[in-house]
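User: I would like to understand the words used to describe this structure. Please go through them one at a time.

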There are 2 protein chains.
Amino acid sequence: MATIKEVAKEAGVSVATVSRVINNNGYVNDETRKRVEKAIQSLNYQPNDVARSLFKKQSQTIGLMVPDIMNPFFPELARAVEDTASKLGYTVILCNTDEDIEKEQMYLNTLLRKYIDGLIVVSNTLTAKQIKRLNVPVVTVDREISKDIPTIIVQNTAGGRMATRYLKEIGCERIAHLKGPDHIRNANERCCGYKEEVHNEPWFKEDYIIEGHYEMESAIKATYQLLTRYPDIDGIFAGNDIMAIGAIKAVHQLGKKVPDDVAVIGFDGIALAKAATPELTTIAQPIYEMGRMAANLLIDLIEKKKIEKTFYNLEVELVKRQST
Amino acid sequence: MATIKEVAKEAGVSVATVSRVINNNGYVNDETRKRVEKAIQSLNYQPNDVARSLFKKQSQTIGLMVPDIMNPFFPELARAVEDTASKLGYTVILCNTDEDIEKEQMYLNTLLRKYIDGLIVVSNTLTAKQIKRLNVPVVTVDREISKDIPTIIVQNTAGGRMATRYLKEIGCERIAHLKGPDHIRNANERCCGYKEEVHNEPWFKEDYIIEGHYEMESAIKATYQLLTRYPDIDGIFAGNDIMAIGAIKAVHQLGKKVPDDVAVIGFDGIALAKAATPELTTIAQPIYEMGRMAANLLIDLIEKKKIEKTFYNLEVELVKRQST
């Protein structure tokens, strides 16, 4: 890439003159300005963001830490963050942490050394203390870490209730819950919503709640075992869409039909849910909207704009398809 | 974050001494070194990558330009690039271009201003000339732009032949092809492979090749029309997995069964293919491996290591599942 010196030489002026033209301060006569602009164009000179970063200790870059971009929830979130940031002049550094605390710490150090301006985080392991030590604005998404850290989440408990109530409405009389991991707060909240709807039912057993690790293979196994032990089960609320797709596979493996013998509902509203056969009924989160809001809020914080609200608990929505 | 000045003050030494300790050059006595190291630790001082970038015109950052991270092929590629880069001390800036030439140019300018060290690109619109003007190493993936730009692709034509031949082997006698967009080279190559296998068959018609735009909705529509017009078709080779899932849906909509009435095979080997019902037979690309190789090759180029080969045309693999 061309340097400012080369531009000055090409235009036959001093570096200071080129700088005045670029920064549009101080007097430069019209003919000289045109010569400099022509040189900038012909050499494809780009003013130097890095020097500006060093001076301002800002980089017009934000970090996005997700557990794993291959989990189908996160590409849509990442896309929304990147679309929004890019419109506002920021680039996005993507970090996959696998929620491994050492990896997270390593990324935090790296990002700070690069003077990132702010960070969007999805994590169950980072503590409020660690985040506050960063000295750059942080927005947490999907998982709440602390009430005083800007956060975008959804109403998980209400969503769990909504899913379970819908299964009851369509006539299910034995409803099981495929639960996400214990250490993830939204998994416990969705499970709470389920319990609130069923704990007074005469048929309810604690055994109807089984762990599926938010992932397909273990959901298949867990559902297969559950339905073998309790063949009366006619409805399953899965804590995320991937587990719901696994549950449908297990129902098929047992020679039963979805939704005729067992109705299945998921949670998330990922694109995959529509690609499933039968297409998956689900409690949809506004995933893109969450990413967009997180990026807007973070950049407002970075640019010290007036912020009205830093905690958003968004509504979820029942999307009826073929699996119920 | 602490500055080098604060470290110097804390340790009771000059900034120059701290700098000598950090960069490990020049004499510092043991006791002083320990004092400086203790101050660095207690203040959580991070040496300044940005200053180093300005000096070396390097940033330990690479760019990754993909059309859309929400297309299920790219999260796995992005994950591989990021895993590999991170192990080698580089961070990754993610850019979604929608293959829009203006967005691509905007990103190129932004990335160059940030002194990125190199770029991994998936694009059909960028020209070899544009890429060479960048003056940083570039590796293209999935789509070949020019023979003299480092490239990682797969054997698309051979894969197309493999898919079609397999449908013939299992007894299909009227095989159609759901083709990707004309402007994407790999779509045309996969179609070539199909044609090579079928053009001598007495039943072959050009009408058996239909466009599905590499996307589910249009694949459903195209397949539905095709099977309505030619109910004899008993095998479909789809140019990617998403279209294959769409084709399966269309077969079901017509009251037919997969694979009993119509066998369906895809191309890509995305995780989604296993989540489909029936699970999708496909020609699998080594997606993670492609990302890993691209990142390794790019960083070798950045670090001016000896490179043996800059053009990789990788093998694909037939993965048999339930849809055939």
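Analyst: What follows takes the terms in turn and sets each value against its definition. This is a predicted model, in which local features need pLDDT of at least 70 and side-chain atom pairs count only at pLDDT 80 or more, while totals for chains, interfaces and linings use all residues. Residues are numbered from 1 along each chain as its sequence is written, and chains are lettered from A and ligands numbered from 1 in the order in which they are written.

User: Why is Asn71(B) called buried?

Analyst: A residue is buried if 20 or more other C-beta atoms lie within 10 Å of its own, exposed if 12 or fewer, and partly exposed in between, with C-beta atoms placed from the backbone. Asn71(B) has 21 C-beta neighbours inside 10 Å, so it counts as buried. Asn71(B) sits in the loop between β1 (61-66) and α5 of chain B. Its C-alpha atom is separated by 9.0 Å from that of Glu215(B), 144 residues away along the chain.

User: What makes strand β9 of chain B largely enclosed?

Analyst: Helices (H or I, at least four residues) and strands (E, at least two) are DSSP runs, numbered from the N terminus. β9(B) covers residues 263-268, and six of the six are buried, so the strand is largely enclosed by the rest of the structure. Ala263(B), Ile265(B) and Phe267(B) point one way, Val264(B), Gly266(B) and Asp268(B) the other way, and all are buried. In a regular strand the side chains alternate between the two faces of the sheet.

User: What makes the unit of β8(B), α11(B) and β9(B) right-handed?

Analyst: A crossover is right-handed if, with the strands pointing away from the viewer, the path from the first strand over the helix to the second runs clockwise. β8(B), helix α11 (residues 241-253) of chain B and β9(B) make a β-α-β unit of this right-handed kind.

User: How do you know that the span of helix α3 of chain B is close to the expected one?

Analyst: The expected span is 1.5 Å times one less than the number of residues. α3(B), residues 30-43, has 14 residues and reaches 20 Å from its first C-alpha to its last, close to the 20 Å expected. Within α3(B), Val36(B), Ala39(B) and Ile40(B) are buried. They cover an arc of only 100° around the axis (the arc of the directions from the helix axis to the C-beta atoms), which puts them on the same side of α3(B). The face turned away from that buried side carries the exposed residues Asp30(B), Glu31(B), Gln41(B) and Ser42(B).
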